[in-house]
Amino acid sequence: LTLRGPEQLADPTELYSLIMRVGPIPASIWLVGLVLEAILIAAFYRAYLRPEESRFAYVRLGKAELAVISAMLLWWLLYFAGLFVVTFIVIFAEVLPPLIAAIVAASAFIAYVVILTWAIVRSSLILVDSFARRKVSLRHSFELTRGHFWPLIGAYLIGLAFERHPG
């Protein structure tokens, strides 16, 4: 497997050939990483929510972990569905006059960022809810966060600021 340069990635037939040679390796690595991340997230939740279940350092692979994995997959599915819609709109906008196309593309991107932010905040409790109830329910996560959007987004922004600038 050799990358010869950007021209190889610009040619769709070369790119397809490269992807076919790599095969399912990137998807497999992503899936293993997702499963390991879900197991560690569930172990963290178990340590704080059910400290009496301390066997094997809180690490398990059971119904709670499968619910967390499913919730994470749901998040990815919704993210890529939104990205697909925005991409479709931007591609469709290319047939319009340049100024209108730019306005449509920029509006689609801004709408995507706003909707994605709203969806992330409103579904932010889906992982812990899935762990606690051992089933995935986007609706229940939305119920838990109803009326708390601004305090939640404020808390997440403060957390993000401390993560980026610890000193």
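Guide: Let me start with a term: a helix here is a DSSP run of type H or I with at least four residues, and the helices are numbered from the N terminus. Please also keep in mind that this is a predicted model.

Visitor: What is the phi of Phe 56, and what is the phi of Ala 57?

Guide: Phe 56 has a positive phi of about 55°, although Phe 56 is not a glycine. For Ala 57, which is not a glycine either, phi is also positive, at about 55°.

Visitor: Is Phe 56 buried or exposed?

Guide: Phe 56 counts as exposed, because its relative accessibility is 65% and the cut-off for exposed is over 50%. Ala 57 has a relative accessible area of 58%, so it is exposed too.

Visitor: Switching topic, which residues make the nonpolar surface patch?

Guide: The patch covers about 610 Å² and is formed by Trp 30, Leu 31, Leu 73, Trp 76, Tyr 79, Phe 80 and Leu 83. Two elements each give two or more residues to this patch, namely helix H3, residues 25-49, and helix H4, residues 63-93.

Visitor: Which element gives the largest share?

Guide: That is H4, which supplies 5 residues of the nonpolar patch. Tyr 79 is a residue of helix H4, and Tyr 79 counts as partly exposed because its relative accessibility is 33%, a value in between the limits of 20% for buried and 50% for exposed.

Visitor: And at what angle do H5 and H7 pack?

Guide: Helix H5, residues 98-122, packs against helix H7, residues 138-145, at an angle of about 90°, and their axes are 8 Å apart. The two helices are therefore roughly perpendicular to each other, since that label covers angles of 65 to 115 degrees.

Visitor: Which residues meet there?

Guide: From H5, Trp 118, Val 121 and Arg 122 meet Ser 141, Phe 142, Glu 143 and Thr 145 of H7.

Visitor: How about H5 and H8, what is their angle?

Guide: H5 and helix H8, residues 149-164, pack at about 95°, with axes 10 Å apart, so H5 is roughly perpendicular to H8. On the H5 side, Thr 117, Trp 118, Val 121 and Arg 122 take part, and they meet Phe 149, Leu 152, Ile 153 and Tyr 156 in H8.

Conventions:
Residues numbered from 1 in each chain as written. Predicted model: local features only at pLDDT ≥ 70, side-chain atom pairs only at ≥ 80, totals over all residues. Heavy atoms only, no water. Patch = residues over 30% accessible without salt bridge, like charges linked within 9 Å, V, L, I, M, F, W, Y side chains within 5 Å. Areas by Shrake-Rupley, 256 points an atom, 1.4 Å probe, with all protein chains shown as cover. Salt bridge = Lys/Arg side-chain N within 4 Å of Asp/Glu carboxyl O. Buried < 20%, exposed > 50% of the residue type's maximum accessible area, 1.4 Å probe, protein only. Axes fitted to C-alpha atoms, helices over the stretch in contact; angles between N-to-C directions. Parallel < 35°, antiparallel > 145°, perpendicular 65-115°, else oblique. Contact = heavy atoms within 4.5 Å.
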